[in-house]
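Have the sequence and the 3D view at hand, and we will take the sites one group at a time.

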Amino acid sequence: MSILAGNCKCTYTLALVGLSVCGFLLSLYTSYVELRAEHDHTYQAMCDISERISCTKVFTSRYGRGFGIIGPLLGDDSLLNVPNGFYGIFYYFLVAGLSFSNNLTVSRLTSYLILLSNGLSLYLAYLLYFVLQDMCVVCVTTYAVNLVSLILALQKIQALIREEQVMRALKVGKAK
């Protein structure tokens with residue numbers, strides 16, 4: 001049973017790390033597009049498909065830096081008012097690193113971080129659809145990465161709890 005649980009945990013770990021790499025690359029691309037568009041107003045990214053499907057329009061909007069929250073609160077010149085992609089780069093690197101742990105507490109912390117990112121994804125999806133009235137392929141892909149990451153993180157926690165219960169039962173059985 002422990003071998004199966006170990007393989008299961010390894011699968012969740014690899015999947016979470018793989019998704020974090022995808023999120024990291026998406027965030028890197030997001031940052032590149034935003035910075036390039038700021039310096040070259042004629043730049044058109046690969047994800048700019050039409051007037052209503054444009055990631056550049058989203059990334060260069062006021063919500064593309066500090067999630068549209070940091071600037072009004074701390075000022076546009078704040079060190080924290082950076083492109084959202086920069087936050088994503090840090091976040092996905094952190095989640096990838098934490099995902100290697102099979103400690104239940106660390107896995108729970110990771111799932112809370114991923115849950116927070118899903119809440120942020122809902123906020124950004126609302127802004128994308130209702131405020132900016134745009135469709136951003138990179139953004140929606142990032143939301144999907146976050147959702148699947150949450151599902152996997154919760155499944156990993158369940159596997160860790162099951163393994164812990166089995167180990168306790170084995171200890172109790174040996175004690176008798």
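## The cysteines

Let's begin with C10, which counts as partly exposed at 42% relative accessibility. Please keep in mind throughout that this is a predicted model. C22 is likewise partly exposed, with a relative accessibility of 40%. Which cysteine sulfur is the closest to that of C22? The answer is the sulfur in C139, and at 16 Å it is too far away for a bond.

How many disulfides turn up when the whole structure is searched? There are 2. One is formed by C47 and C55, whose sulfur atoms sit 1.5 Å from each other. The S-S torsion of C47 and C55 is about 45 degrees, so this disulfide is right-handed. Both partners are shielded: C47 is buried at 8% relative accessibility, and C55 is buried at 0%. The other link runs from C136 to C139, with an S to S distance of 2.4 Å; for a pair to count as a disulfide, the sulfurs must be within 2.5 Å. The link of C136 and C139 is right-handed too, with 75 degrees about the S-S bond, and C136 and C139 are both buried. If you number the bonded cysteines of the protein chain in sequence order, the pairing reads 1-2, 3-4.

## Around Y43

Y43 belongs to the loop that runs between α1 and α2, the latter spanning residues 55-59. Is Y43 buried or exposed? With a relative accessibility of 15%, Y43 counts as buried, because the cut-off for buried is under 20%.

What does Y43 touch once residues up to four places away in sequence are set aside? Its contacts are Y32, V33, R36 and A37. Y43 can also be placed relative to T56, which lies 13 residues away along the chain: the C-alpha atoms of Y43 and T56 are 8.8 Å apart.

Helix α5 covers residues 104-131, and S107 is found in it. S107 is buried, at 5% relative accessibility. Leaving out neighbours within four places in sequence, the contacts of S107 are S101, K156, I157 and L160.

Further along, the aromatic residues deserve a look. The whole structure holds 5 aromatic pairs. Among them is the pair of Y126 and F130, whose ring centres are 5.3 Å apart with 40 degrees between the planes, a tilted arrangement. Y126 and F130 are both in helix α5, separated by 4 residues, or about one turn of the helix. Y126 is partly exposed at 48% relative accessible area, whereas F130 is exposed at 52%. Why is the pair of Y129 and F130 called edge-to-face? Their ring planes stand at 90 degrees, with the centres 4.8 Å apart, and planes over 60 degrees apart count as edge-to-face. Y129 and F130 are both exposed. Through these ring pairs, Y126, Y129 and F130 are linked into a cluster.

## Annotated spans

Now to the record. An unreviewed UniProt entry carries the annotation "transmembrane region" for residues 12-32, 82-100, 112-129 and 135-154.

How do two of these spans look in the model? Residues 112-129 are 100% helix and 0% strand, and their end C-alpha atoms are 26 Å apart. For residues 135-154, the figures are 90% helix and 0% strand, with 29 Å between the end C-alpha atoms.

## Confidence

The protein chain has a mean pLDDT of 93, and 95% of its residues reach 70 or more. Which element has the lowest mean pLDDT, and which the highest? Helix α1 (residues 2-39) is the lowest at 88, and helix α4 (residues 84-99) is the highest at 98. Over residues 1-5 the pLDDT falls below 50, and this stretch has 3 contacts in the model beyond near neighbours in sequence.

Definitions and conventions
Residues are numbered from 1 along each chain as its sequence is written. This is a predicted model: local features need pLDDT of at least 70, side-chain atom pairs count only at pLDDT 80 or more; totals for chains, interfaces and linings use all residues. Side-chain values use heavy atoms; hydrogens and water are left out. Helices (H or I, at least four residues) and strands (E, at least two) are DSSP runs, numbered from the N terminus. Buried means under 20% relative accessible area, exposed over 50%, partly exposed in between (1.4 Å probe, protein chains only). Contact means heavy atoms within 4.5 Å. Rings of Phe, Tyr and Trp (its six-membered ring) pair if their centres lie within 6.5 Å; planes under 30 degrees apart count as stacked, over 60 as edge-to-face and the rest as tilted. pLDDT is the predictor's confidence in each residue, from 0 to 100. UniProt positions are given in the numbering used here, feature names are shortened, and annotations may be inferred rather than shown by experiment.
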